[in-house]
Amino acid sequence: MLHDLVDLGRYPIDRPDSYGYRQLIADLRRDLDVDGCAVLPSFVHEEGLEKLIAEADEVAPKAHRSFNRTNAYFTQDDPSFGIGHPIRRFFDRSNAFVPADNFAASSPLRRIYEYEGFMPFIREALNEPEDRFFRYDDPLADAIINVVEKGGGFPWHFDTNNYTVTLAIQNGEAGGAFEYAANLRTSEDENFNGVAAILDGSRRGVHQLELQPGDLQIFKGRYALHRVAPVEGDRKRYVGIFSFVETEGMCGGVERTRQLYGRVLPQHYARAGLRDDELLD
């Protein structure tokens, strides 16, 4: 059970037959249908946050820190496209991720991710069928913590997996706002013109969220261009990331995995390209 971590009174994910659960699902579906994003304020209560912060402080030194330039797709440059094309536009990225293999089954982060009622709850909120909704089968990336230090952030990008669920654990002293342009591309259309407009500074369709510690966010990040503004101050920003996909056995691409986690496992080579669409990674 998750009573020591999650506010199950407010969010009864352990009681799927209750009226409160059904109402919660209806509210989340409405928000997700509008712009691909829904937030559950204070999903984790204060006692649970203390445990998650302690865990994050312990594993933060194990984060893979990288400082490089990347495009919105985490791909290499492609000269076949013209100068100014989104694929050829690279931005500074400074970030750090604690890989999933640092979280044992008993860790608070993994206990939430692997709780028997958590995945069905997220699936129902997204209104997805059981045969099209799975945990991300990536031993380095299914449940991770993003660590952002002073000056660090994350430039505009798309996610590899369709659905990302994030848990705000600790904010920096300032900065770190989450911005996104919902439904900017589809599984059939990259919408490079729309992406280029955002990269050029257009704010049309861009939303900004100031998530608070304990907030759970459900986000369709594969189709929404999004970024995290630079963090200010000495306090680290911690965000737990739980990933779900629509293709069983799907894991991260080789190039993206190497960039984010500093290493690649045989599984990443064996399952490269296992997905249902032809979008860039």
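pLDDT is the predictor's confidence in each residue, on a scale from 0 to 100. Helices (H or I, at least four residues) and strands (E, at least two) are DSSP runs, numbered from the N terminus. The structure is a predicted model, in which local features need pLDDT of at least 70, side-chain atom pairs count only at pLDDT 80 or more, and totals for chains, interfaces and linings use all residues. Residues are numbered from 1 along each chain as its sequence is written, and side-chain values use heavy atoms, without hydrogens and water.

The protein chain has a mean pLDDT of 92, with 96% of its residues at 70 or more. Confidence is highest in helix α2 (residues 46-59), at a mean of 98. It is lowest in helix α6 (residues 254-261), at 83.

Buried residues (under 20% relative accessible area, 1.4 Å probe, protein chains only; exposed is over 50%, partly exposed in between) of α2 are G48, L49, L52, E55, A56 and V59. They lie on the same side of α2, because they cover an arc of only 125° around the axis, taken from the directions from the helix axis to the C-beta atoms. The face turned away from this buried side carries exposed E46, E50 and E58.

T247 is found in the loop between β14 (237-245) and α6. T247 counts as buried because its relative accessibility is 11%. The C-alpha atoms of T247 and Y136 are separated by 8.7 Å, although the two are 111 residues apart along the chain.
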